[in-house]
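Hi everyone, thanks for coming. Let's take a look at this one together, starting with its pockets.

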Amino acid sequence: MSGATHRFHPTVLREYDIRGVVGETLTEADLYAVGRSFGTVVVREGGRRVCVGYDGRLSSPVLETALVAGLTDCGLVVERIGLGPTPMLYYAARERGADGGLMITGSHNPPNYNGIKMVLGKRPFYGQDIQNLGVIAAAADYAEGQGASVAIDLKAEYVARLAKDYVGPRPLKVAWDAGNGATAEIMRRLTAVLPGEHILLFDTIDGTFPNHHPDPTVPENLVDLQRVVAEQGCDLGVGFDGDGDRIGAIDHLGRIVWGDQLLALYSAEVLKTHPGGTIIADVKASQTLFDEVARLGGKPLMWKTGHSLLKAKMAETGSPLAGEMSGHIFFADKWYGFDDALYCAVRLLSLVSQAGEPLAALRDRLPQVINTPEIRFQVSEERKFAVIAEVKARLLAEGAKVNDIDGVRVNTPDGWWLLRASNTQDVLVARAEAFSDDGLERLKALLAGQLRQSGIDAPAGGSGH
Ligand SMILES: [Zn+2]
């Protein structure tokens, strides 16, 4: 590999990360070029040292070697923290005061995928930052130097830090599912030091994901966890996505506790120590979450979907807590503000233990509404933003109440409906939430009518949580 000009496959430099099919759209040469171009950005900002980690995919070690070579050829010192979840890499970068961090991970995608998530200093590296790597590589406009790499093992320190914030007087029985993802080893070590009884599923790292797909926000991936919680009489169950930055949870009745519901429960805890704090959630979240934050004396803030966008907004507003429906949840009250699903599990166990009643009861105390899951439908890349603009124009002409922070979120007396364009795929995403079944049908009819007027067949969608 060399410092020659390099062109990435047009699909791999994405909004929030780099991702591709290994050996097809993403190769070792690409990883070297990312190392050179990202390393160049770090060097030009005066940085000298970065951390690199990788997930449990079969392709990850080889890609890591190529990435590290690119970084050291820029003159950087690379601290290699090895195999583990993405948040362990974020933790390493923060605790070691690194100038940047790069994580080789395909997150929850199929085994033949891989990719890279990046942070620069303390901030997320996304959008134009990532596109800029392509510009640097195409010009081979690289920093040059003789760097070095050193392996460091932070696992024991990281596990101790995760466990430190556990506070719970009542021992719990908990089922945990790593889905053979990169959290598996840390999950084993963490549960060994937490009080209570812990039943572990798929707690060996296996990049072929032989049991189920490591994405705990898809209900079919929670079936094993639901079975074990029922069979063993657990208080609750938690699951993690392939690289450990998204959490899924179920109560003892096997019901999914969704991202916005978790956030409502966490808000009650966080606002005790941060009264009046700003709590941020994405536009897909339930209105009941924003209402609950306000009821608890916090400042609810609705923001665009996208974990990097939420992280940036948190930093800007000094928010102690933010989260997405997708299970990315960010604590900045006692934690660092990045999305760490193992840490979210520690905080969930803490609040359930302290509550003295089951997670199911806490969940049922939240206002009950009827909503659809995310409804996704294909639309051409050229049309996706145009459709949103057309819908918005028609709604404004009708005098509808429209929030246009990310797509259109429309309030009616029945509730609300959302239509937004995905930043990462050629799909539109819709959701609706109402106080009654009839109301939900009316909202879905409004949504379908708008889509028809823009030439799109209305999607079929069932009721969700
Ligand atoms: Zn992930």
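The largest pocket is lined by 39 residues, and His 108, Arg 246, Ser 326, Glu 374 and Arg 376 lie nearest its centre. A pocket here, on a 1 Å grid over the protein atoms alone, is an open set of points where a 1.4 Å probe fits, with protein on both sides within 12 Å along at least five of seven lines; lining residues have an atom within 4 Å of a point. The volume of this pocket is about 1,100 Å³, counted as the space filled by probe spheres set on the points. Its lining divides into seven nonpolar, 18 polar and 14 charged residues (Ala, Val, Leu, Ile, Met, Phe, Trp, Tyr, Cys and Pro count as nonpolar, Asp, Glu, Lys and Arg as charged, the others, Gly among them, as polar).

A word on the source: this is a predicted model, where local features need pLDDT of at least 70 and side-chain atom pairs count only at pLDDT 80 or more, while totals for chains, interfaces and linings use all residues. Residues are numbered from 1 along each chain as its sequence is written, and side-chain values use heavy atoms, leaving out hydrogens and water.

Now the second largest pocket, with about 330 Å³ of space. Of its 19 lining residues, Arg 94, Lys 122, Lys 311, Tyr 336 and Gly 337 lie nearest the centre. Helix H10 gives the largest share of that lining, four residues (helices are DSSP runs of at least four residues, H or I, numbered from the N terminus). By type, the lining has eleven nonpolar, four polar and four charged residues.

That's my tour, friends!

Note on methods. Helices (H or I, at least four residues) and strands (E, at least two) are DSSP runs, numbered from the N terminus.
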